[in-house]
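I opened the model to look up a few backbone and packing details. My notes follow in the order I took them.

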Amino acid sequence: MYHVAIVDDHVLIARALSGILNTHPDIQVLYEVENGKQLQEKLKTARNIPDVILLDISMPVMDGYETASWLKQEHPEIRVLTLSMQNDDQSLIRMVKQGAKGYLLKNVEPDELVLAIRQVMEKGFYFPEWAASRVFMNLGNDALADPLHTFKFSDRELEFLQYCCTEMTYKEMAAQMFCSPRTVEGYRDALFDKLNLSTRVGLAMFAVKQGIVKL
């Protein structure tokens, strides 16, 4: 069971999110608060410690940046998933630097929100492809401290990532790897799942930005 707290000054949105998330048997919303100060009060009670916090950025009293920074220092075990209307690089990168493990826009589909919570818990982070490319572009190797350790790539997956940075077709990759095209597609799909990506370009960008492939 993943325990979630929602920090958002829009009460209707927070309650709607709770209603959506509580329909899933593996997710339970513990409480909703309107800003970081209220969250601090809730966290004084040990039984109210969530696994994941859905955190808005624009809030009165104590905004998302300050709240994320405080959580990073005082409760590093809690995973912050930003849920905001702000779609600019500055907000995204600032939240990541403050320790956010994911970033979603408020127009996200409910299924993706649920997926994000599960991915943050199971894999440590969740960024849609649009956000991941911006994080890697701005932070480079700092985006993920040790991708090889984090994702536990197999040797074959690392080999496939290297070929993704070439002009080879999947059929040509299969010939180089002495396997069938279907097996190559299996490596691709496994990496799509691990990295929450959906295109070969995204895989290549990840490999280069994380130093897995040197160009």
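I started with Val-61, which counts as exposed at 64% relative accessibility. My cut-offs are these: buried means under 20% relative accessible area, exposed over 50%, and partly exposed in between, with a 1.4 Å probe and protein chains only. Val-61 sits in the loop between β3 and α3. Its phi is positive, near 70 degrees, and Val-61 is not a glycine. Most residues other than glycine have a negative phi.

A note on ground rules. This is a predicted model, where local features need pLDDT of at least 70, side-chain atom pairs count only at pLDDT 80 or more, and totals for chains, interfaces and linings use all residues. Residues are numbered from 1 along each chain as its sequence is written, and side-chain values use heavy atoms, with hydrogens and water left out. Helices (H or I, at least four residues) and strands (E, at least two) are DSSP runs, numbered from the N terminus.

I then went to Phe-178, in the loop between α9 and α10. Phe-178 is no glycine either, yet its phi is positive, about 55 degrees. Is Phe-178 buried or exposed? It is exposed, with a relative accessible area of 78%.

**α9 against α10**

Next I checked the helices on both sides of that loop. Two packed helices are described by the angle between their axes and the distance between the axes. α9 (residues 170-177) and α10 (residues 181-195) pack at about 100 degrees, and their axes are 8 Å apart. Axes here are lines fitted to C-alpha atoms, for helices over the stretch in contact, and angles run from 0 to 180 degrees between N-to-C directions. The two helices are therefore roughly perpendicular. Under the naming scheme, angles under 35 degrees count as roughly parallel, over 145 as roughly antiparallel, 65 to 115 as roughly perpendicular and the rest as oblique.

I listed the residues that touch. α9 brings Tyr-170, Met-173, Ala-174 and Met-177, while α10 brings Pro-181, Val-184, Tyr-187 and Arg-188. Contact means heavy atoms within 4.5 Å. By class I get seven nonpolar, no polar and one charged residues. For the classes, Ala, Val, Leu, Ile, Met, Phe, Trp, Tyr, Cys and Pro count as nonpolar, Asp, Glu, Lys and Arg as charged, and the others, Gly among them, as polar.

**Glu-157**

I looked up Glu-157 in helix α8 (residues 155-164). Glu-157 is buried, with a relative accessible area of 7%. Which residues is Glu-157 in contact with, leaving aside neighbours within four places in sequence? I found Lys-152, Tyr-187, Ala-190, Leu-191 and Lys-194.

**The sheet**

Then I traced the strands. Five of them form an open sheet in the order β2-β1-β3-β4-β5, with parallel pairing. β2 (27-33) and β5 stand at the edges with a single partner strand each, so one side of each has no neighbour in the sheet. Neighbouring strands are turned by 25 degrees against each other on average, direction ignored. Two strands pair if DSSP finds at least two bridges between them.

I followed β3 (residues 52-55) in detail. Val-52 and Leu-54 point one way, Ile-53 and Leu-55 the other, and all are buried. β3 pairs with β1 (residues 2-7) over four bridges, and Ile-53 is the partner of Ala-5 there. Another four bridges join β3 to β4 (residues 79-84). On that side Ile-53 has Val-80 as its bridge partner, and Leu-54 stands opposite Leu-81.

β4 is mostly covered, with five of its six residues buried. β4 also pairs with β5 (residues 102-105) over four bridges. There Ser-84 stands opposite Leu-105.

**Crossovers**

Last, I checked handedness. β3, α3 (residues 64-74) and β4 make a right-handed β-α-β unit. β4, α4 (residues 89-97) and β5 make a right-handed one too. Right-handed means that, with the strands pointing away from the viewer, the path from the first strand over the helix to the second runs clockwise. In α4 the buried residues are Ser-91, Leu-92, Ile-93, Met-95 and Val-96. Gly-99 follows α4, with a positive phi near 110 degrees.
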